[in-house]
Structure formats: C-alpha cells, structure tokens
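Subject: Structure for your review

Dear colleague,

Please find below the structure that I am handing over to you. My notes on what was found in it follow directly after.

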Amino acid sequence: MLSAAEIKQLPPDQGIEVAIVGRSNAGKSSVLNRITQSKNLARVSKTPGRTQLINVFVLDENKRIVDLPGYGFAKAPLAAKQKWERAINEYICTRESLTGLVMIMDIRHPLRELDQLLLDFCEHDELPVHIVLNKADKLSKGAAGSTLQAVKKSVESYTPTPSVQLFSALKGIGIEELHKQLDRWYFSKAASSEML
Ligand code: GDP
C-alpha cells in the first residue's frame, strides 16, 4: 500500500493491523516473503539496515501487515537508535488497530537487549507478541527444540505471555503455525467486532 518514513504517515487507524519486527539480519524480509508466498515482496537485502521505512501491506480493506524497520545495527549512530526506540514505542502505545506483534529472531541469537526492550514496551501496552525463531535450519532438531523451550521459559513471566515457534524461511518450516497465529489475530477480532 505505502512506505512511510514516520508513524504519522500511516494509513487511518482502523481495522486490524499486525506488525512484524526484528533485529536486522534475523530474516524479517525472508519470513514476510515466505508467508505471503512472494519472492520479492519485502526486499531481501544482504546489507543489514537498508530497509529503514515502514512498509504497509494490505491483505483486505480491514487487514494490514506492517513491516517495521529492523533494529540492532552495530554501526547505527546513537541518535538513530534513540529515534527508532521512540518511534516504535509511540507506534505500540498509540496504534489502536495494532492487534499483535510478530518478533523475528535469529534462533542462534534470541532475546538480545533490544528484543527485551520491545517485549517491555508490549507488556506495558498489553500487546500480544508472537516470537518467531527463524533460521531453525541452522541448528540440529535437538538444539532447536532446546532453544524453543529455553525461550518459552524466559518469556513466560511477561503478560500476556508471548507465544514462541520455530521457523525457517529457507526450508519452509513453521509456515502453517505462523499462519494460524495471524488468523487468530485477524479473525478473532473481526468476529468479535461483528458481534457488537
Ligand atoms: P532482515 O534484515 O531481517 O530483513 O533479513 P533478510 O530476510 O534480509 O535475511 C538476512 C539473511 O539471512 C539473508 O542472507 C537471508 O538469506 C538469510 N536467511 C533468512 N532466513 C533464513 C533462514 O530461515 N535460514 C537461513 N539459513 N538463512 C536465512
């Protein structure tokens, strides 16, 4: 639909919005391309930190997916990092249509400092979070399973408790589970507002 440089350029705050966010290079663009079955919807960039815009994709007139800028580039200047933090916090706190946040992490480096900060923002606003441990193909099945359990344990004290899953954009692992979570957000709220 559009690419916005700032929160205030986003489309009207109506319907159901799900946002997707993650550390740079965790594979956010690859996950987006996988779940939308498109090769190049979100450009897979080899240079970390190139996608600095908020990209809005429309699924239907009431449902959007918002691709938030990645974070955690070592080279980003402090002012840019602070600007990102403020913008994301403002987005999470003020966006009424925001129903859930998908957080993409590289399974080999889960729950880094900025991931934790984002989880704090979401808890503060009672926003449901779904954690996607991407690049599961990089670990053995056993190691991926242990990481899944460890991450679940680390986040269980957050309210609401984030759900966590394994994923591989490369191998196509976990697509159905992620679709199910998106459906829960897109359709449960739609159903409850229709009942009103
Ligand atoms: P973004 O910066 O978070 O949008 O990450 P990209 O989607 O651009 O991916 C970063 C790098 O990780 C690219 O080289 C991708 O090919 C690679 N990548 C993404 N997902 C996977 C995955 O599931 N498995 C593996 N092995 N590599 C992946």
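W84 has a relative accessibility of 11% and therefore counts as buried (buried means under 20% relative accessible area, exposed over 50% and partly exposed in between, with a 1.4 Å probe and protein chains only). Y71, at 2% relative accessibility, also counts as buried. The structure holds one aromatic pair, and Y71 and W84 form it, with 4.6 Å from centre to centre and 40 degrees between the planes, a tilted arrangement. Rings of Phe, Tyr and Trp (its six-membered ring) pair if their centres lie within 6.5 Å; planes under 30 degrees apart count as stacked, over 60 as edge-to-face and the rest as tilted. The pair links distant parts of the chain, 13 residues apart: Y71 is in the loop between strand 4 (63-67) and helix 2 (78-94), and W84 is in helix 2. Helices (H or I, at least four residues) and strands (E, at least two) are DSSP runs, numbered from the N terminus.

Please note that this is a predicted model, in which local features need pLDDT of at least 70 and side-chain atom pairs count only at pLDDT 80 or more, while totals for chains, interfaces and linings use all residues. Residues are numbered from 1 along each chain as its sequence is written, and side-chain values use heavy atoms, with hydrogens and water left out.

I turn next to the ligand. It is surrounded by 18 residues, of which K28, S29, S30, D137 and A169 are the closest; a residue is near a molecule if one of its heavy atoms lies within 4 Å of it. By class, this shell has four nonpolar, eight polar and six charged residues (Ala, Val, Leu, Ile, Met, Phe, Trp, Tyr, Cys and Pro count as nonpolar, Asp, Glu, Lys and Arg as charged, and the others, Gly among them, as polar). Helix 1 (residues 28-35) gives the most to the shell, with three residues.

Which side chains have an N or O atom at 2.6 Å or 3.0 Å from an oxygen atom of the ligand? For S29 the distance is 2.6 Å, and for K135 the distance is 3.0 Å. A backbone N or O atom of L170 lies 3.1 Å from an oxygen atom of the ligand. A polar contact is a pair of N or O atoms within 3.5 Å; within protein, one must be able to donate a hydrogen and the other to accept it, and residues adjacent in sequence count only if both atoms are side-chain atoms.

Helix 1 is largely enclosed by the rest of the structure, because six of its eight residues are buried. These are K28, S29, V31, L32, N33 and I35. After helix 1 comes Q37, whose phi is positive, near 55 degrees.

Some backbone features also deserve a remark. Most residues other than glycine have a negative phi, and most peptide bonds are trans. N25, in the loop between strand 2 and helix 1, has a positive phi of about 80 degrees although it is not a glycine. L111, in the loop between strand 5 and helix 3, is not a glycine either, and has a positive phi of about 50 degrees. A cis peptide bond joins T159 and P160, with omega about -10 degrees; P160 is found in the loop between helix 4 and strand 7 (163-166).

Yours sincerely
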